[in-house]
Amino acid sequence: MAAARPYLIMKAVDDHIVKPDLEGLKFISIILVILLFLEAFIQLIQTYMANWLGQTVIKDLRVEVYSHISRFKLKFFDNTPVGTLITRVISDIETIANVFSEGLLIILGDLLKIVLVVTMMFYVDWQLALITLSVLPILIIAANSFKNGIKSSFEEVRTQISSINTFVQERIVGMSVVRMFNKEHDEKENFKVINDLHRKAHVRSIWYYSIFLPFVEILTSLATALLIFWGSGNVMDGDIETGALFAYILYINMLFRPIRQLADKFNTLQMGMVASERVFKLLDTTSQIEDKGSISRHHLTGDISFKNVWFAYNDENWVLRDVSFNVEAGKSIAIVGVTGAGKTSIVNILCRYYEYQKGEISLDGTDLKDYKIKELRNNIGLVLQDVFLFSDSIFNNITLNDPSISKEQVVEASKIVGAHDFISRLPGDYDYQVMERGNLLSVGQRQLISFIRAFVYNPKILILDEATSSIDVQSEELIQAATNRLTENRTSIIVAHRLSTIKNVDMILVLDHGKIIEQGNHKELLEKEGYYCKLFNHQFNSINEK
C-alpha cells in the first residue's frame, strides 16, 4: 500500500494537475485518503499481533527455562551466581520478545517494502531507478560493518548487565555483613566500577549509531541530488513526465527510510540474538540428576543401607570414603564429626541432590537410583540448619501451596510441635507474612515452622541436618520435644552439632575426613573412650565453663 501512494501522486500530477482535471484530482485524493486509513488500520493490527506473538513466545520460553533450571543439580547452583540466572530468566528473555515485536517482523515488513519500492521504481522509469540505486552498494557495505560492530558491543552490554545483577543481588542479601564491617563506601566504589564498565559498553554501541545514521542521511541526500540533476534534464527534454520526478523523490524517502530504520531494528535483532544465544546455551546445559528410576512407592518402610560409598563434589577430592552402615526401619541414627567430616554429604546423596561415584545405596532393599526421584523425595522429610522461608504467609510456607493439606492439619501439627502459641500471637496468625527469607521471625521460630512443614508432609524418613545448632536453649527444648514426637515410628537421621541432643538415638556414626571411625550408641561410645568421648567431653566442659 505504501508503494502505491507515490504512483497515485504521479498520476495525479501528470493527469489531473499538469492537465487540469478537478474531478479526477478529487477522485485520486479520496483514494489516497482511504489508502492511508487502511494502511494505518493494518499497521495497528500488525503492531498488536507482533507484540502479542512476542509476549506469547517469552511466556512459553520463560516457563521452559525456569523448569529446566529447577531440575539442575545443586552443584550447578554452587558454581553459578544467582544474579546470572535472574538475568537469563527475566532480562534476556524480555529482550528476545523485542525480536518479534520490534525486530524480526518489522524487518521482514521493511524488506518487503524495499522490494516493492524498487519494483515500482523500475516500472516507472528504469534509468532513474539505476541512478537512484547507484549509492545502494555503498550503503550495504556500511550496514554490514555496522551490524558486525554493534553485535560485539551488545554482547559486552549483556555481560555487564549480568555482572550488575549479580553484584546487586549478592550485596542486598548480604547487607547485614556489609554494614557490620562498615563497607558501605567500599561496596559503593566497587559498584561504581562495574556500573562504569556497563556505561562504556553502551557508549561503544552508541558510537556505531553516531557514525552510521548520519552516513545514511548523506547517501539519501546524494541519491536525491543525482535524481534531481538527471531527472530535471529529462523532464525539460520531454523524456519523462513531471509526475515521475515527484514520485521518485517520494520513492527515495520510502527506500532509504526503512533502510535507515533497519539499522535500529538490527540493533533490536542483535540484542535479541545475543540474549537468545545466552538463553539457549542455558537450555542446552545438561546438569540434571538422571532420573531413570521406574519404581514408585508411596509408602516405604524406611530401611537404609550404605555399602562402600565414595563421594566427591569435584573430581576425586573424596568427601566420603568407603562409607558403610545400615539403618533399620523406624530406628534413629545420629551422624557426628567436626566441620567438613562429610555429615551433610551423606544427606545430600541420600536425597539425590548429588550423585555418588562409587558403592551402593539401597532403600527397602532396592537400589536408590531405581526409584523415581519425585517419589523418593516425597518419602523423605528434611529439616535444615539454615531454614529458607518464602516471602509468603506462614500457612503457605508450611504447606508449600499443597491443596491437600488443610488448615486444621497445620494447626494440629503446630500444637504438637509447640509453635501454635507464638503463631497465634502474630498479626493474622497463620496468614502472617514472613517477608523475604522469613526475616521477620527469629531463628528459633523459623526452625519450628520447618518442623511443622516436615510434620504435615508425614515423611517415612526424617532427616534433621544440625537443626538445633543455631537456636537458643528455650527453642531447643521445644524442638527436642518436637523431634521426639516427629521421630516416632520413622527412620530418623540426625546430623548433630550438640551431642547432648542425641543421647537416646539407636546408633551414632562418628565421621572423620569422610570415614566412619566409630559407631554404636551413646553409652557404648563413651565406654570406648575414643574420638566420640573426646568430642563429648570437650563440649561438656565448654558448657560448664560458660
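This is a predicted model: local features need pLDDT of at least 70, side-chain atom pairs count only at pLDDT 80 or more; totals for chains, interfaces and linings use all residues.
Residues are numbered from 1 along each chain as its sequence is written, and side-chain values rest on heavy atoms, with hydrogens and water left out.

Helices (H or I, at least four residues) and strands (E, at least two) are DSSP runs numbered from the N terminus, and two strands are taken to pair if DSSP finds at least two bridges between them. On these terms, strand β1 (residues 304–312) pairs with strand β2 (residues 318–327) in the antiparallel sense over six bridges, and Phe306 has Phe325 in β2 as its bridge partner. Five residues lie between the strands of this hairpin, where Asp315 takes a positive phi near 50°. Strand β1 also pairs with strand β4 (residues 358–363), again in the antiparallel sense, over five bridges, and here the bridge partner of Ser305 is Ser362.

Burial is expressed as relative accessible area (buried under 20%, exposed over 50%, partly exposed in between; 1.4 Å probe, protein chains only). Helix α10 (residues 343–350) is mostly covered, with seven of its eight residues buried; among them are Ile346, Val347, Ile349 and Leu350, together with Lys343. The helix is followed by Arg352, which has a positive phi near 60°.

Rings of Phe, Tyr and Trp (its six-membered ring) were paired if their centres lie within 6.5 Å, with planes under 30 degrees apart counted as stacked, over 60 as edge-to-face and the rest as tilted. By this rule there are ten aromatic pairs. Phe72 and Phe77 form a tilted pair, at 6.4 Å centre to centre and 50° between the planes; Phe72 is buried at a relative accessible area of 6%, while Phe77, at 32%, is partly exposed. Tyr532 and Phe536 have ring centres 6.4 Å apart and planes at 20°, so this pair is stacked. These two residues are separated by about one helical turn, because they stand four residues apart in helix α18 (residues 531–545), and both are buried. Ring pairs also link Phe311, Tyr313 and Tyr354 into a cluster.

A charge is said to sit over a ring if NZ of Lys or CZ of Arg is within 6 Å of the ring centre and within 35 degrees of the ring normal. The charged end of Lys358 sits over the ring of Trp310 at 5.2 Å from its centre, and that of Lys369 over the ring of Tyr356 at 4.6 Å.

A search of the whole structure finds 13 salt bridges, each defined as a side-chain nitrogen of Lys or Arg within 4 Å of a carboxyl oxygen of Asp or Glu. Arg62 forms one with Glu94, the closest N and O atoms being 3.4 Å apart; because Arg62 lies in helix α2 (residues 22–70) and Glu94 in helix α4 (residues 82–124), the pair ties together parts that are 32 residues apart in sequence. Glu156 and Arg204 form another, with the closest N and O atoms 2.5 Å apart, and this pair ties helix α6 (residues 136–173) to helix α8 (residues 184–237) across 48 residues of sequence. Glu156 is partly exposed at 30%, as is Arg204 at 36%. Salt bridges that share partners join Arg88, Asp92 and Arg278 into one network.
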